[in-house]
Amino acid sequence: MDKQIKTIIELFHKENPIKYTFKEICLKADDSRWIIFVDFPKDKFVIKIAANNFTSKERVTGWLKIIAAYKDLGYYSPAILKSINGNYSENIIFNSKSCIVWEEEYAKYHLYSALDKSVYTDKTGRYVYHNDVLAFIGKAAQKHYDFFPYKSGFVRFEPFGDNEVTDEVSECVKTLNILVKENAPQHIPRWEKIYDLYMENRQRLAGLYSALPTSVFQSDHFRDNLLLDETGHLMGVIDYNLAGCDTCINVFLYTVLFGYNYVKPQISEVDMLP
């Protein structure tokens, strides 16, 4: 057994597992994540490791309240388990990175990727769990939870990570601005009109946004974060890395647009930039 992985498993278990499976989830300079699936004779567990600016011991402990609140709504999430030291997460060095590590019970329901597409997709191509996810978001929104002090990963007008200074949309616009000016100077006049319109709409929305209803959301209601039953219906969620407080309408809109919009845009010559 790899020495690093053995040391991590020993944070949560006194016995050696009969086997383990190591999986790399994300490997970036500012966001690295790994999973260790640990098998014992009678139980399976999932150990998660994260090195980024949005996973902390405080956040992991806060996830417990979200999981409990969602359980009251009828939705399941794997329990976060204490380490041998009695903590819900630990600080470690893994692959030369400062990381947070925690353990969860193995999920009781199926991951999206574990099921055949025919199980969770109907004859029209629509997800069987489509309405389930929207109902889940609606129920969480209706509660107006305020017990989690952190913002969601898709929050607008505010930073998400501890070292960030603005929201993700603004960061994307800033990056696009640079890309257009460096790689497509012929389109700068049109881009500047689009950018001015974006800034105008942003300023108008900023005055209203803070007054809109909020709640605490898992925030990443897509694909392998969904736990489904044998018929493809939603039973719960996993992975609270992006969880946080957010405006209800924002969560609904980005979820539908990014994950449940079945109309693929058709690009024609008229739509192309001149």
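Trainee: What relative accessibility does Glu168 have?
Mentor: Keep in mind that this is a predicted model: local features need pLDDT of at least 70, side-chain atom pairs pLDDT 80 or more, while totals for chains, interfaces and linings use all residues. Residues are numbered from 1 along each chain as its sequence is written, and side-chain values use heavy atoms, without hydrogens or water. Buried means under 20% relative accessible area, exposed over 50%, partly exposed in between (1.4 Å probe, protein chains only). Glu168 counts as partly exposed because its relative accessibility is 42%.

Trainee: Which helix holds Glu168?
Mentor: Helices (H or I, at least four residues) and strands (E, at least two) are DSSP runs, numbered from the N terminus. Residues 168-183 make up the one with Glu168, helix 5.

Trainee: How far apart are the closest N and O atoms of Lys48 and Asp239?
Mentor: The two sit in distant parts of the chain, 191 residues apart, with Lys48 in strand 3 and Asp239 in the loop between strand 10 (234-237) and strand 11 (244-247). They form a salt bridge, meaning a side-chain nitrogen of Lys or Arg within 4 Å of a carboxyl oxygen of Asp or Glu. For this pair the N-to-O value is 2.3 Å.
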